[in-house]
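Please open the model in a viewer and keep the selection panel at hand.

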Amino acid sequence: FMTHLSNYGNDRLGLYTLNPWDPLWQNPCHDKRHKDIWSKEKTCDRLPKFLVIGPQKTGTTALHSFLTLHPAITSSFPNPNTFEEVQFFNSPNYHRGIDWYMDFFPFPSNVSTDFIFEKSANYFDSESTPRRASALLPRAKILAVLINPADRAYSWYQHQRSHMDPAALNHTFHQVVTAGPSSSPELLALRRRSLAPGAYVTHLERWLRHYPPSQLLVVDGALLRSNPTAVMDGVQKFLGVTPHFNYTQALIYDESKGFWCQKLDGGRAKCLGKSKGRKYPDMAPETRAYLTGYFRELNMDLLRLLSRLGQALPGWLREELQSGR
Ligand code: A3P
């Protein structure tokens, strides 16, 4: 089931060259010749119907947790090594093969009505993932959660501070995003990891080279935060999952957390952990102004792309493009 490809051009960013002997795993059941030699003991049903691809810090954990409340939706098991995401397509795990991947998924009790998924937030901006994902999961639906890329960058910076990253601890966010060629490699690396995933249009275009637009949904992460019920209605419709699940009953706003949480029996709230929805000061206005300028062209291209695709335009995107004109 491994296709050897001998001639890849460079990606348009020029950052990625594939080893010509890199495997490209395909679904054994999509090709009769493969299916005929695929073990009778094995199934092709332990593969996700949809992927939540990220990017990081946009609310992907909240989306994951809300999705799993749905009676027909089941997520992958956590990675036993990391207790976290599977991270198959974007990492050396890919070389472990599809049996390794399939072991993360339960056997669906009903293949047509069960929706199995996985969320790996690094997939969004990974160079290799769209090609690999579409080879194995050509019919999968793809969910990307987008917030203002300036807020995403700031959340990422705060995340790095919490993880004691020296470059984040020793520099203000403004110093990070405005770092120039004479800055230390650590600071430049932090700048890149804060900003690069926020070039949303570039990453979405790469996904759209491998998936038809009808299989892609852009989720407004700011709306997911403020009005998750509305977002989950749209997500269910897009996935075509039944029965329709009423999130109004399942979620509760927790005043002390400042976020929507799962409503337990008896009305108590079960919120995401401390690392999701951190408390930190607002971004400095001059840094926001800098980032508004930095992302302006990319955000305008994103607006054009989403309009062309007929995707709902996130409120933050309109607002961002109206500000500072
Ligand atoms: P902050 O901690 O910076 O506020 P991800 O899960 O993709 O890493 O995203 C984390 C972000 O999800 C948090 O970033 C938070 O703003 C956002 N978020 C959205 N809805 C949330 C919810 N219901 N509970 C906690 N965090 C939520």
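A polar contact is a pair of N or O atoms within 3.5 Å; within protein, one atom must be able to donate a hydrogen and the other to accept it, and residues adjacent in sequence count only if both atoms are side-chain atoms. This is a predicted model, in which local features need pLDDT of at least 70 and side-chain atom pairs count only at pLDDT 80 or more, while totals for chains, interfaces and linings use all residues. Residues are numbered from 1 along each chain as its sequence is written, and side-chain values use heavy atoms, with hydrogens and water left out.

**The ligand and its contacts**

Select G59 together with the ligand: a backbone N or O atom of G59 is 3.0 Å from a ligand oxygen atom. Of the 570 Å² of accessible area that the ligand has on its own, the protein covers 95% (Shrake-Rupley method, 1.4 Å probe; for residues, only the protein chains shown count as cover).

**The shell**

**The disulfides**

Next, display the cysteines: the structure holds two disulfides (pairs of cysteine sulfur atoms within 2.5 Å).

Select C261 and C271, whose sulfur atoms are 2.1 Å apart. This disulfide is right-handed, because the torsion about its S-S bond is about 95 degrees. C261 is buried, at 2% relative accessible area, whereas C271 is partly exposed, at 27% (buried means under 20%, exposed over 50%, partly exposed in between; 1.4 Å probe, protein chains only).

Finally, select C29 and C44, a disulfide with its sulfur atoms 1.8 Å apart. C29 lies in the segment before helix 1 (32–37) and C44 in the loop between helix 1 and strand 1 (50–54), 15 residues apart. C29 is partly exposed, with a relative accessible area of 27%, and C44 is buried, at 12%.

Methods
Helices (H or I, at least four residues) and strands (E, at least two) are DSSP runs, numbered from the N terminus.
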